[in-house]
Amino acid sequence: MEGTLEKLKAIKRGEIPVVEHVQQQLERVKKRDRWLNAFIQLNPSVLREAEGIQNKLKRGEKVGRLCGLTVGIKSNINVRGLRVTCASKTLENYVSPFDAEVIKRLRAEDAIIIGMQNMDEFACGSSGETSAFGPTQNPKAPGRIPGGSSSGGAASVADGLCDLSLGTDTGGSIRNPCSHCGVVGLKPTYGLVPRQGLIDLGMSLDQIGPIAPDVEGAALLMEVIAGRSPNECVMLGVERLELLKQLNDDVKGMSIGISRKFEELTHPEIMQVIDKGIETLRDLGCKIVEVELPNLEKALSAYYLIVSVEFFSATRKFDGRRYGKRIEEVCGEEVLRRILRGAYISKKEYKGKYYQRALQVRTLIRKELIAALSKVDVIVGPTVPKLPHNLGEKLTVSEMYSYDYLTVPVNLAGICAGVVPAGETQGIPVGLQVIGKPLSEQQVLKIMRAFERCRSG
Ligand code: GLN
């Protein structure tokens with residue numbers, strides 16, 4: 001399969017006509033998506049947009065960095081004129097009147113928005129099964145969950161239904177489905193990508209990030225969406241990122257942290273794939289160093305407390321007066337559970353008992369990760385500790401939450417992490433997680449790219 005950058009070049013040179021390219025993908029969506037269920041809505045003006053870009057190319061005008069590539073959008077990011085449902089009955093009929101900042105950036109670079117993608121309801125979930133529009137399939141491991149909550153994004157990129165996708169990651173929702181579907185994803189450092197126009201799950205944790213078939217695609221999309229927006233106050237002072245230029249640099253001599261903690265928490269078959277991946281990095285000339293993460297498993301309960309409180313507060317606007325239905329009356333079980341938990345914890349008499357404690361654990365996790373990262377360039381390990389279950393299989397709440405053990409620490413710490421395919425076990429893809437210091441996206445992607453190149457021979 002050709003890489004994203006090669007495809008982009010071929011489009012720019014006119015070798016792949018934009019309209020034909022989009023038509024082919026729409027054909028594939030038609031054929032595959034009845035089964036896959038990765039899209040909630042296709043963009044009705046997608047071909048018109050493609051024509052516009054094709055004409056621009058024909059006239060020899062300057063074109064953008066994403067010229068003619070199709071991007072699927074998770075249904076919690078506002079796209080003007082499309083249904084931004086959060087895969088919930090609550091917002092079933094909500095058509096967005098505006099473009100989120102990241103969507104404006106995509107359009108400015110001549111990307112084509114192909115449609116709104118399926119997800120866990122309000123991004124609450126790790127399996128893609130809590131959508132009011134039905135679950136998404138895993139195209140790489142049919143019958144299994146694709147992971148979540150950016151289920152539609154990862155599944156559609158894995159199945160070639162679009163070139164790229166925008167997902168969101170609050171506790172692992174980009175990395176988890178990318179790992180299960182065998183594609184590349186990145187959770188950016190908190191405050192690097194504008195959140196304006198994103199419907200919050202947990203506003204102190206949420207980041208929008210890229211999903212792509214390869215590391216170059218993820219780096220390219222990241223370059224376009226990252227950087228300070230003057231209208232947003234909770235952002236880092238980074239104007240723009242340059243990632244592609246040094247993406248193929250040698251990684252020899254870089255130091256890679258590994259932790260025994262990962263092994264304790266992870267299924268041995270997954271660990272086998274990861275250990276092989278670590279050997280690959282050693283062969284590339286990286287130095288492998290043990291780091292200590294003694295409190296890592298405490299992150300999970302702290303995360304669920306914090307996310308429930310923030311989500312409870314974020315959902316108060318869905319009271320039926322402005323955006324359709326009252327959330328508690330129509331939402332699914334997991335969303336309701338979080339609202340009730342968040343309401344309970346928020347009650348004054350419990351202050352100091354749960355939420356404050358969770359914030360203390362958050363500080364502890366952040367310090368621990370930053371300390372470990374100060375000794376190495378990046379930390380690598382598994383992304384998800386368990387293999388994806390069969391679609392429809394009943395799991396307990398804590399079994400479901402335990403998918404998130406290895407991804408939530410990164411969100412609590414506000415740092416960045418990417419996922420790159422590392423191999424398979426029982427025919428199921430397994431992704432290697434590469435964790436970096438704040439704003440070290442370049443290092444993380446460089447390691448991922450070297451690893452990907454080495455694996456593809
Ligand atoms: N699985 C986690 C949760 O259910 C993460 C979700 C996310 O990152 N949006 O909260």
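Just after helix 4, Asp110 adopts a positive phi of about 65°. The model is predicted. Helix 4 spans residues 101-108, and its buried residues are Glu101, Val102, Ile103, Arg105 and Leu106. These buried residues pack against strand 2 (70-74), strand 3 (112-117), strand 4 (164-169), strand 6 (207-212) and helix 7 (215-225).

The largest nonpolar core comprises 143 residues, and Ile73, Ile103, Leu106, Phe122 and Leu166 have the most contacts inside it. Helix 10 (residues 299-314) gives the most to this core, with 11 residues. In soluble globular proteins, nonpolar side chains tend to be buried together. Beyond its neighbours within four places in sequence, Leu166 touches Val71, Gly72, Ile73, Lys74, Ile77, Val102, Ile103, Leu106, Ile208, Gly209, Leu221 and Ile225.

Helix 10 also packs against helix 12 (residues 333-346). The two axes come within 7 Å and cross at roughly 95°. Helices 10 and 12 are therefore roughly perpendicular to each other. On the helix 10 side, the contacting residues are Tyr304, Leu305, Val307, Ser308, Val309, Phe311 and Phe312. They meet Val335, Arg338, Ile339, Arg341, Gly342, Ala343, Ile345 and Ser346 of helix 12.

The salt bridges number 29. In one of them, Lys7 pairs with Asp163, with the closest N and O atoms 2.7 Å apart. This pair links distant parts of the chain, 156 residues apart: Lys7 lies in helix 1 (residues 4-12), Asp163 in the loop between helix 5 (151-158) and strand 4. Asp163 is buried, at 3% relative accessible area. A second pair joins Arg260 and Glu290, with a closest N and O distance of 3.3 Å. Here too distant parts of the chain are linked, 30 residues apart, from helix 8 (residues 260-265) to strand 8 (residues 287-290). Arg260 is exposed at 56% relative accessibility, and Glu290 is partly exposed at 42%.

Glu368, in helix 13 (residues 355-373), is buried yet has no salt bridge. The nearest side chain of opposite charge, Lys261, is 6.7 Å away.

Terms used
Residues are numbered from 1 along each chain as its sequence is written. This is a predicted model: local features need pLDDT of at least 70, side-chain atom pairs count only at pLDDT 80 or more; totals for chains, interfaces and linings use all residues. Side-chain values use heavy atoms; hydrogens and water are left out. Helices (H or I, at least four residues) and strands (E, at least two) are DSSP runs, numbered from the N terminus. Buried means under 20% relative accessible area, exposed over 50%, partly exposed in between (1.4 Å probe, protein chains only). Lys and Arg count as positive and Asp and Glu as negative; His and the chain ends are not counted. A salt bridge is a side-chain nitrogen of Lys or Arg within 4 Å of a carboxyl oxygen of Asp or Glu. Contact means heavy atoms within 4.5 Å. A nonpolar core is a set of buried Ala, Val, Leu, Ile, Met, Phe, Trp, Tyr and Cys residues joined through side-chain atoms within 4.5 Å. Axes are lines fitted to C-alpha atoms, for helices over the stretch in contact, and angles run from 0 to 180 degrees between N-to-C directions. Angles under 35 degrees count as roughly parallel, over 145 as roughly antiparallel, 65 to 115 as roughly perpendicular and the rest as oblique.
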